[in-house]
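This briefing covers the ligand site and the salt bridges of one protein structure. Please keep the sequence and the model in view while reading.

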Amino acid sequence: MGKVYLTGAGPGDVELLTLKAHRVIGEADVIIYDRLANPEILEMAKDGCEFVYVGKEDGRHTLPQDEINEVIYQNALKHEIVVRLKGGDPFVFGRGGEEGAYLKERGISFEIIPGITSAISVPAYAGIPVTHRGVAVSFRVVTGHESPNKKESQIPWENFRTNDTIIFLMGLHNLEKISSKLIEIGKPKDFPCAVISKGTTKEQQVVVGTLENIKEKAKELPTPALIVVGEVVKLREQLEWFNQ
Ligand code: SAH
């Protein structure tokens, strides 16, 4: 029986891979990967390494999660070193927890290799620090996948009145609903926000706006994209640094 490495691939820029991820990718007999992982990473594999694609295309799962779990398990029965490569960090909306639990129940040993999450690094490449002295003392990372209009929402919208920086992942298709909801709970219409598409890559695009106009400004942006809401967005004027 093999060992599975639930491995974070980082946000896009290949050099944001950890040394540990780089090592196991070079040792892997099979790499099971998804869309967000930069394909250049696969070139680091040894000769003869197999590749299995189980990713998502624009929100549509190629395989349901329970089948992905089974694919990982089956590969662990056949191979010595299995790398399950996931965009960003495996435990930040990556369902790495479900994969780990599935393997543990079946007696397969695994390791978690954390990755640099897009939630923090993508704003950084746009010159937006998620905390800043005197501006934001904390930040939240929230799923934007759930519509804010959903009854019995699991998201505590009322808590977002504080001045935390809020980072929404998977929220581009709900951008209008999210910004309206934040205005509804009392944030000013001209509150700063930004949408960053394909962050840390050559195709990075950043759109800065307000809760009121961000939908209009960001509607053409391609995924993956995340939304940053907070006064920290203004710091981009001083901190913008990345040019592709
Ligand atoms: N585990 C990942 C997140 C998975 S959810 C991580 O830690 O980064 C997928 C969401 O992440 C996307 O919908 C998008 O909101 C965000 N995302 C991932 N990579 C991104 C990138 N390069 N630029 C902008 N957003 C990104």
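This is a predicted model: local features need pLDDT of at least 70, side-chain atom pairs count only at pLDDT 80 or more; totals for chains, interfaces and linings use all residues.

Is Glu105 buried or exposed? Glu105 is exposed, with a relative accessible area of 64%; the cut-off for that class is over 50%.

**Ligand site**

- The shell around the ligand draws residues from both domain 1 (3-113) and domain 2 (118-239), so the ligand lies between these domains.
- Of the 18 residues around the ligand, those that come nearest are Asp89, Val92, Thr117, Ser118 and Ala225.
- Sorted by class, the shell comprises eleven nonpolar, five polar and two charged residues.

- Gly87 places a backbone N or O atom 3.0 Å from a nitrogen atom of the ligand.
- A polar backbone atom of Met170 is 2.9 Å from an oxygen atom of the ligand.
- For Ala225, a backbone N or O atom lies 2.7 Å from a ligand oxygen atom.
- On its own the ligand has 550 Å² of accessible area, of which the protein covers 92%.
- Two or more residues of the shell come from each of the elements α4 (118-125) and β12 (225-229).

- Side chains of opposite charge can pair when their charged atoms come close.
- The structure holds 17 salt bridges.
- One of these joins Lys3 to Glu111, with 2.8 Å between the closest N and O atoms.
- This pair connects distant parts of the chain, as Lys3 sits in strand β1 (residues 3-8) and Glu111 in strand β7 (residues 109-113), 108 residues apart.
- Lys3 has a relative accessible area of 25% and is therefore partly exposed; Glu111, with 24%, is also partly exposed.

**Further salt bridges**

- Glu98 and Arg95 form a salt bridge through their side chains, at 2.8 Å from N to O.
- In that pair, Glu98 counts as partly exposed at 38% relative accessibility, and Arg95 counts as partly exposed at 34%.
- The side chain of Arg106 meets that of Glu105 in a salt bridge of 3.2 Å, N to O.
- Elsewhere, salt bridges with shared partners unite Lys3, Lys20 and Glu111 in one network.

Conventions:
Residues are numbered from 1 along each chain as its sequence is written. Side-chain values use heavy atoms; hydrogens and water are left out. A residue is near a molecule or strand if one of its heavy atoms lies within 4 Å of it. A polar contact is a pair of N or O atoms within 3.5 Å; within protein, one must be able to donate a hydrogen and the other to accept it, and residues adjacent in sequence count only if both atoms are side-chain atoms. Accessible areas come from the Shrake-Rupley method with a 1.4 Å probe; for residues, only the protein chains shown count as cover. Helices (H or I, at least four residues) and strands (E, at least two) are DSSP runs, numbered from the N terminus. Ala, Val, Leu, Ile, Met, Phe, Trp, Tyr, Cys and Pro count as nonpolar, Asp, Glu, Lys and Arg as charged, and the others, Gly among them, as polar. Domain bounds come from an automatic or database domain assignment. A salt bridge is a side-chain nitrogen of Lys or Arg within 4 Å of a carboxyl oxygen of Asp or Glu. Buried means under 20% relative accessible area, exposed over 50%, partly exposed in between (1.4 Å probe, protein chains only).
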